[in-house]
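The exercises below concern the structure shown next. Please work through each task before reading its solution.

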Amino acid sequence: MPSNELHLVVITGMSGAGKTVAVQSLEDLGYFCIDNLPPILLSKFAELLEQTNGRLQKVALVIDLRGREFFSALVESLEALKESKGVNYQILFLEANDETLVRRYKLTRRTHPLSPDGTVLDGILQERELLCDLRGRSHQIIDTSNLKPTELKEKIVHTYSEQHNSGLNLSFMSFGFKHGIPLDADLVFDVRFVPNPYYVESMRPLTGKQKEVADYVMKWEETNRFLNQLKEMLTFLLPKYEKEGKRQLVVGIGCTGGQHRSVAMAEALYEDFKENERCQVLHRDIEKGGF
């Protein structure tokens, strides 16, 4: 980023999804952090920061949902930021599934900001609906349902550290449809059309990271045709996403259990892209069992 440009990260999302961990992680990376800034002050705050003559270049703001006026005020402020040539902003949206959020609220014995007199779940459902459009505007979405605080911090450091502060971070994530689609996946592809190594007894306890399984998955014409076409599509899409300011792209590759086919194909895609992109491969369900 240019030396005189302000890099601003707006941290938002579901209450209880980990915004405190996120802001602490960015603070450790040298960001100047402010918690719970009223959305209506966002553009004015950005104007003040521009007047610091580059002394503050990395800033993170946590903007929480405290009332129904939140959405319109924040969207208006973000639209105003687009007109500012000296501000490069990103929206980091944190979310988790309903069950996880309810459990976290019970552990902390807190009330939900949108349902102080009702059930926690009522507040969560209302908040999810209000934030639906904002989620769609976000540059980075992290689902914290299955993440420990240390794992969330690692994800944020990977995305926002100095060596990753420009360009696009590409993640190939294998998963099993029986365990649910990853909420933080930007693109999802179903590879259950490939013959399943699970039904070959010698391969059943193995994973797609092992040569025997990978060779079996890759020997089919449909596998290679799919991978070639997906590689071509991603080669076209990646610079488009980067031009729009997207910092992270998660490509989900799903099979039935997340142990064999999706793992092998995610590994193959990683090998194709690792030389040219900031790339990693993740296997969400590899230890959960196959079919």
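The model is predicted, and local features require pLDDT of at least 70, side-chain atom pairs count only at pLDDT 80 or more, while totals for chains, interfaces and linings use all residues. Residues are numbered from 1 along each chain as its sequence is written, and side-chain values use heavy atoms, with hydrogens and water left out.

**Exercise 1. The chain as a whole**

Task: State how many helices and strands the chain holds, and what percentage of its residues count as buried.

Solution. 
Step 1. The chain contains ten helices and nine strands; helices (H or I, at least four residues) and strands (E, at least two) are DSSP runs, numbered from the N terminus.
Step 2. Of the 291 residues, 51% are buried, where buried means under 20% relative accessible area, exposed over 50%, and partly exposed in between (1.4 Å probe, protein chains only).
Step 3. For contacts between residues at least 6 apart in sequence, 79% join residues at least 24 apart; a contact means heavy atoms within 4.5 Å.

**Exercise 2. An open sheet**

Task: Determine the strand order of the open sheet of four strands, and explain why one side of E7 and of E9 is left without a neighbour in the sheet.

Solution. 
Step 1. The order is E7-E8-E6-E9, with parallel pairing; two strands pair if DSSP finds at least two bridges between them.
Step 2. Strands E7 (187-190) and E9 (278-283) stand at the edges with a single partner strand each, so one side of each has no neighbour in the sheet.
Step 3. From one strand to the next, the twist averages 20 degrees; axes are lines fitted to C-alpha atoms, for helices over the stretch in contact, and angles run from 0 to 180 degrees between N-to-C directions.
Step 4. Strand E6 (residues 169-176) pairs with E9 in the parallel sense over six bridges. Leu170 has Cys279 in E9 as its bridge partner.
Step 5. Helix H9 (residues 221-243) packs on this sheet and touches E6, E7 and strand E8 (248-255). The direction of H9 makes about 175 degrees with that of E7.

**Exercise 3. Nonpolar cores**

Solution. 
Step 1. A nonpolar core is a set of buried Ala, Val, Leu, Ile, Met, Phe, Trp, Tyr and Cys residues joined through side-chain atoms within 4.5 Å. The largest has 44 residues, and those with the most contacts inside it are Leu8, Ile11, Leu26, Leu42, Leu78 and Leu92.
Step 2. Leu92 touches residues including Val9, Ile11, Ala22, Ile142 and Tyr160, with residues up to four places away in sequence not counted.
Step 3. A second, separate core of 30 residues includes Leu187, Met203, Val217 and Leu230.

**Exercise 4. Salt bridges**

Solution. 
Step 1. The whole structure has ten salt bridges, each a side-chain nitrogen of Lys or Arg within 4 Å of a carboxyl oxygen of Asp or Glu.
Step 2. Asp28 lies in helix H1 (residues 19-28) and Lys153 in helix H7 (residues 149-160), 125 residues apart.
Step 3. Asp28 is exposed at 56% relative accessible area, whereas Lys153 is partly exposed at 34%.
Step 4. Arg284 and Asp285 also form a salt bridge (2.8 Å, N to O).
Step 5. Salt bridges with shared partners join Arg284, Asp285 and Lys288 into one network.
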